[in-house]
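Today I am looking up one side chain and then its surroundings.

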Amino acid sequence: MLIYTVKYGDTIFSISRKLGVSHAFLAEWNGLSPPYSLAVGQALMILTPKTTYTVQSGDTVNSIAQDTGASPRDIFANNPVLFGGLNDIYPGQTLVISFAEDRSYEITTNGYAYPFISDAALYGNSPYFTYISPFTYGFTPDGELLALDDERILDVSSSLGTAALMHLSTLTESGVFSSELASTLLGSPSARQNLIANILQNIRQKGFVGLDIDFEYLDASDAVPYANFISEAREVLNAYGYIVIAALAPKSYAEQPGQLYEGHNYALIGAAANYVLLMTYEWGYTYGPPMAVAPIDSVRRVVEYAVSEIPPEKIYMGLPNYAYDWTLPYIAGARGALGLGNDEAVRLAADVGAEIQFDERAKTPYFNYYKDGELHEVWFEDVRSMEAKLALLKEYGLYGAGVWNIMRPFTQGFLYMQATNSIRAEP
């Protein structure tokens, strides 16, 4: 794989001639569409097709998969232009069946999606993931489940070979995680038993393959009861062949202060769950100062602490799939940053003529631009930041990656993940 940084005067056609790659592939792999506007400093990913197939009249993705030995899921993932089947194939079209990049490292991937995810994002992103977790099921203090309209996500992901996990959280209708709700449930044996029974019924009814538990902002006094609840859920669900994943706040040491951290005991939760997800993102956040969402030095500190408490083969590392646009000067509490997608951030840079910079310490790209006389700063993810983060999985021997979230496209990021790792199918 080659990463090319766009220079002044470059066009997609001049780059394709210089590097000996078709402009169609160059555009497809990097989420570009006509008129193929580029930003100076933009990173372009160039892959090496190993096996290709020219579509014949009457071909379908399934028939091509049978003829080539590839899975339909891999064909969709290797060819983002297909959007998981939303775009038809046509005679004469060249499809990548496999890439020459090293895919010897095996990972499991999980992506989170709200029920209102667009068809383009749902179909386009699903082939890159072992699991999709519809966000989120809630519950009442006595352990009754609150319904979630997730049938469309389950139907589409299943059709593309992606399994689904049930996501359970203490998020309320007002959009905040309730420590009071968690304490009430964790303090009641009957409520916990009722909730676990309802979870099992829902998993069996809807075809989930496991449970993803995410209780955030817990009181310190609930750390042990929370780990015990995860253990209780695992004992019941594992008996039926279902897995249990638990999300962990991004701690870098055991006694880290703050309500986000104090209710999550890494050692206890790591022992209680089948797997854990490190929520290694949101250092840069809506109401915070402009900075990388997931600076690599901060991510590394969390991973290093996690593997000191939990076997690495049980750990998913979190990856962000979003960007923030801050209006400067930053004034705490005055106004929040605008959220946008990574592909969208690059298009914005090209549209406003901004030059993209790359912060070597954070291993994250950013740029500045003016709008209506005000200076803006945008931090986002690209193939370079994904390369740095995914390298940590291999360095520490982690099990996989959990992406928050898959509501927007991240063409080069997800394709890079696919082309340089072997993504497990649901066992």
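I started with a side chain: that of Asn421 reaches the backbone oxygen of Met417 at 3.2 Å. I also noted a polar contact of 3.2 Å between the side chains of Asn421 and Thr420. For my own reference, a polar contact is a pair of N or O atoms within 3.5 Å; within protein, one must be able to donate a hydrogen and the other to accept it, and residues adjacent in sequence count only if both atoms are side-chain atoms.

A note on the source: this is a predicted model, where local features need pLDDT of at least 70 and side-chain atom pairs count only at pLDDT 80 or more, while totals for chains, interfaces and linings use all residues. Residues are numbered from 1 along each chain as its sequence is written, and side-chain values use heavy atoms, with hydrogens and water left out.

Next I asked where Asn421 sits, and found the loop between α15 (411-419) and β21 (422-423). Helices (H or I, at least four residues) and strands (E, at least two) are DSSP runs, numbered from the N terminus.

Is Asn421 buried or exposed? I found Asn421 buried, with a relative accessible area of 2%. Buried means under 20% relative accessible area, exposed over 50%, and partly exposed in between (1.4 Å probe, protein chains only).

I then listed what Asn421 touches: Asp102, Arg103, Tyr105, Ile107, Leu390 and Lys394, not counting residues up to four places away in sequence. Contact here means heavy atoms within 4.5 Å. The C-alpha atoms of Asn421 and Ser104 are separated by 6.4 Å, although these residues are 317 apart along the chain.

On to the helices. The axes of α14 (residues 383-396) and α15 come within 9 Å and cross at roughly 35°. Axes are lines fitted to C-alpha atoms, for helices over the stretch in contact, and angles run from 0 to 180 degrees between N-to-C directions. I see Val383, Met386, Glu387 and Leu390 of α14 meeting Gln412, Gly413, Tyr416 and Met417 of α15.

Last, I checked strand β20 (residues 400-404): five of its five residues are buried, so β20 is largely enclosed by the rest of the structure. Gly400, Gly402 and Trp404 lie on one side, Ala401 and Val403 on the other.

Thr108 stands opposite Gly400, and Gly318 opposite Gly402.

Note on methods
Pairing = 2+ DSSP bridges.
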